Amino acid sequence: MHDKSAHAARHRVPPTGFIRKYIFSTDHKVIGEQYYGLALAAVFIGMVLSWIMRIHLAWPAAAIPGMQLLSKNGAPGGVLTPEYYLQLMTMHGTIMVFFVLTTAPLAGFGNYFLPIQVGAEDMPFPRLNMLSFWVTFGAFLVAIAAFFVPQGPPLSGWTAYAPLSALGEVAGPGQGTGQVLWAVSIAIFCVGQLLGTLNFISATLDMRCQGMGLMRLPLTVWAWFITACISLTAFAVLMPACILLVLDHVAGTSFFVPSNLVVNDQLQPHAGGSTLLWQHLFWFFGHPEVYIAIVPAMGIVSHVLITNMRRPLLSHKAIIYSMVAIAFLSYMVYGHHMFVSGMNPYSSIAFSLPTLAITIPSTIMVLIWIGSLYGSKLRINTASLFALGFISMFVSGGITGFFLAQPSLDIMLHATYFVVGHFHLVMAVAALFGIFAGTYFWFPKVTGRMMNETLGKVHFWFTFVGAYCIFMPFHYLGMAGNVRRYQAFVDDFMAPLMPVHKFITIAALITGAAQLIFLYNLIHSRFWGELAPQNPWEGTSLEWSIPSPPPFDNFAGKLPVVYHDPYQYDIEGATNDYVMQDSPASINSVRGEK
Amino acid sequence: MSQSDLTMGTHLSVPERSSPFAMPSKKLAMWLFLIADAATFATCLVAYGFLRNGSLNWPTPFKFFPTVVNTMVMTFILVTSSLTMALGVRAAKMGDQDAAYRWTMLTAAGGSIFVLLHVHEWMDLIDEGVRLSRNPWGNALFGASFFTITGLHLIHVMAGIVVLIVVGLRCRGGRCDAGDVEITGLYWHFVNLVWMFVVPLVYLLNVSK
Amino acid sequence: MVLTNRQDDRGAPYGGNPGKYLLVYFGILVLAGLQFAIAYQQVNVTAALFRMFALAILEAGLMVVFFMRLGAENRPFVTWIAIVTLLVLTIMQSSWPDSYRMERDAPPNDRSPGYRTGPSQ
């Protein structure tokens, strides 16, 4: 039964009060911006933490001004203690992975653009959507609160490996209250993401406007949809794991603590648990999480590249199927994080094979991007530069994945900077480049103003060169045997590597400072940028068919009708070279097909 | 090729709006939630199985009376409440609001009896000295996993009762939303389905023979 | 507040004889009863586990297909939900090999006597 009246959107009255409009808003666009703002705040906190760590690594005895204000015990006189270094590292990882790489690409951009790109006036469950953000925000506050409890944040890393994470104060500063706050924060975060996921999946399936078949969805929507399918179950596993961890702290259980454990000369009262169990549960979430961060970036980069290449990718379907394959395999590979954990060696082999297999869909995607770029007249702007940068980072970081996927090599490299360099390039920096590409690309739509292109390009080159200067040497350090999670390398065989560390630190400081250009550009353009036209990049998808910024219910009370596949570029006879998705013009030939 | 290749026409094919899963969004969202919830319960059960299997001194304290008998009664009540729930959904879908009201309330009543029996059982175990951190019989994780898993399930049942009452009362007022009854039913059946795994794993593997 | 264009439900219509529900109900009760019987069979834990687990899966299947009416949903949905759920639940089992190594951090080896009985004190 088709409801013809569905063309007319439900009449919804925009909220007028400040609080309903900007704070507790159910509008997906406001929620998307809130998520993006949260990620922006989080990424700068995380970046400053990495600065502090880098300075400490390069000059272990140096006093960092102001640090004693953050923690009197952790940084007496401004010099980090070894424990406090690890505490900062934990918070860096936690903030970056959960509150930046999960919130920005999926919840931020996805919330803003998925309903518009499918031709809907909002998400299907706007209140759940609002709840999703505020729950996530609450999780962020709980995580940050760990800085301000007496012993500070936990020192067990963003992976919170047991038994370190399960023992309490005896295991080190921050392992008491700080670790509990961490686990509670992550459990809350999981709930928030589950709520968002319900909206993403049902919006993609049910809210598409007339004519928007599944294969007519832009690749961004596919990416967000597939990511939502991954996060649906990934977070549902982490949440109970965190609750069990909290119970180990507050209720005296020993899910993750083995018998007869002596820590700091004290026999622990726990008995019967398994440390490997935590790793299994954590990485069952943790590996899909990597793809939760990177798959939306793949979608954004495809979208940006296509618009700027003025032609579709070599294969639309192959990209979609590759993303589906990645989602499928992402659950089967998690054990490759545990090759050196004492896991059953037979399991290592079983996890190694799908890990190598997951490089196939990844490679297919890279080849499609590069093959499509070949011979195209790419419009060079900041967005497309960052999209190219994404491919570069993804390839550079991904290639080391081939090595790490093999247990025999991983045993050498796992606990070194090699792995740190690998995942920073392939997951963190690549996903960040995706976020940057999306920001420069969609900023005109969101704010109605253009970003400054010159500043954007300066930002790109600093970031691109800087990221390689920081993370490429990590690989050399790792191969030279530089272990990770040490707070100083001054008094053993690693001392000769110190010049490399100093170089990395300087590169990190400069690259980080370059992000202030981005921040300035973002804020300045928001208020004083050049006014943006409706369709500045001459895109074809639905977000470009509505004013910038979009009105309250996106399509002004009337839902669009879609006539075309998403990327109709290089069209013979069109006024420009493209046909919008909602244009009723029929297309008989494409230039490239003659 | 020329300008005529691009024609303005109405003969373009526009597929009708359709959802590949052909179900209301609310119902889809409930199914999605249930997938996630299944993963949550499975995590707890796998953790329990992992630890039980790897432990040498796992206690098997449950006697036929009272624990196993009590479990039988609880199982019977839950399965019966699933039947009443299914009939309630059927009544709501067929527009019989009074019947829908009666069946959902009966389901909520069944759930409440289950909760009472369960809490009573918990109290008995606590009296015997079983805690999250220890128990009189052996491996300390016995109490931890028992209370965690049954507690997680109990929270689900209690939430379900609240929702059943809210949804059921609206049926009495004649403002019954058959879709709401249906998704409440999905949730209720799922919670009972989980019990089908909790019983053998947490109770029946630990009976003293 | 639900903002969706999808309110129609093309699942099989309700109605007819509720006898099918009764049949499923008794089926589940019988299977549950069998679980209790197995609990008192003189077999080892693994055998009892597998038997009871198989019955639990049957019960869950009855519940999902008839009470939750998955059987009446359309094929793409059934396929999708089956793939997602089974994938996740199956991969979750990959932690088991490590469960067998908890007491002694060594790979399973039936030539090491007392592997399951001698805890490292």
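This section describes chain contacts, domains and selected local features of a predicted model.

The interface between chains A and B comes first. Chain A contributes 47 residues to this contact, and chain B contributes 41 residues. By class, the side of chain A that touches chain B holds 28 nonpolar residues. The rest of that side consists of 16 polar and three charged residues.

Chain B also meets chain C. Here 48 residues of chain C are in contact with 43 residues of chain B. On the chain C side, two or more residues come from each of α1 (19–39), α2 (45–67) and α3 (75–91). The largest share comes from α2(C), with 11 residues. The side of chain C that touches chain B divides into 32 nonpolar, 10 polar and six charged residues.

Chain C itself is built from helices. It has four helices and zero strands. Along the sequence, chain C follows the pattern α-α-α-α. Chain C has 121 residues, of which 28% count as buried. Among the contacts in chain C with a separation of 6 or more, 49% join residues 24 or more positions apart.

Helix α1 of chain B covers residues 25–54 and has 30 residues. From its first C-alpha to its last, α1(B) reaches 43 Å. This span is close to the 44 Å expected at 1.5 Å a residue. The helix α1(B) is mostly covered, with 28 of its 30 residues buried.

Chain A is divided into three parts by domain assignment. Domain 1 takes in residues 22–260 and 267–273. Domain 2 runs over 296–528, and domain 3 over 532–594. The C-alpha centres of domain 2 and domain 3 of chain A lie 31 Å apart. Their contact takes 14 residues from domain 2 and 12 residues from domain 3. On the side of domain 2 of chain A that touches domain 3, α8 and α13 (417–447) of chain A each supply at least two residues. Helix α13(A) gives the most to this side, with five residues. By class, the side of domain 2 of chain A that touches domain 3 of chain A has six nonpolar, four polar and four charged residues.

One residue of chain A was followed in detail. Gly512(A) is placed in helix α15 of chain A, which covers residues 498–528. Gly512(A) counts as partly exposed because it has 19 C-beta neighbours inside 10 Å, whereas a buried residue needs 20 or more. Leaving aside residues up to four places away in sequence, Gly512(A) touches Met47(A) and Trp51(A). Thr159(A) lies 353 residues from Gly512(A) along the chain. The C-alpha atoms of Gly512(A) and Thr159(A) are separated by 25 Å.

Conventions:
Residues are numbered from 1 along each chain as its sequence is written. Chains are lettered from A and ligands numbered from 1 in the order in which they are written. This is a predicted model: local features need pLDDT of at least 70, side-chain atom pairs count only at pLDDT 80 or more; totals for chains, interfaces and linings use all residues. Two residues are in contact if their C-beta atoms, placed from the backbone, lie within 7 Å. Ala, Val, Leu, Ile, Met, Phe, Trp, Tyr, Cys and Pro count as nonpolar, Asp, Glu, Lys and Arg as charged, and the others, Gly among them, as polar. A residue is buried if 20 or more other C-beta atoms lie within 10 Å of its own, exposed if 12 or fewer, and partly exposed in between; C-beta atoms are placed from the backbone. The expected span of a helix is 1.5 Å times one less than its number of residues.
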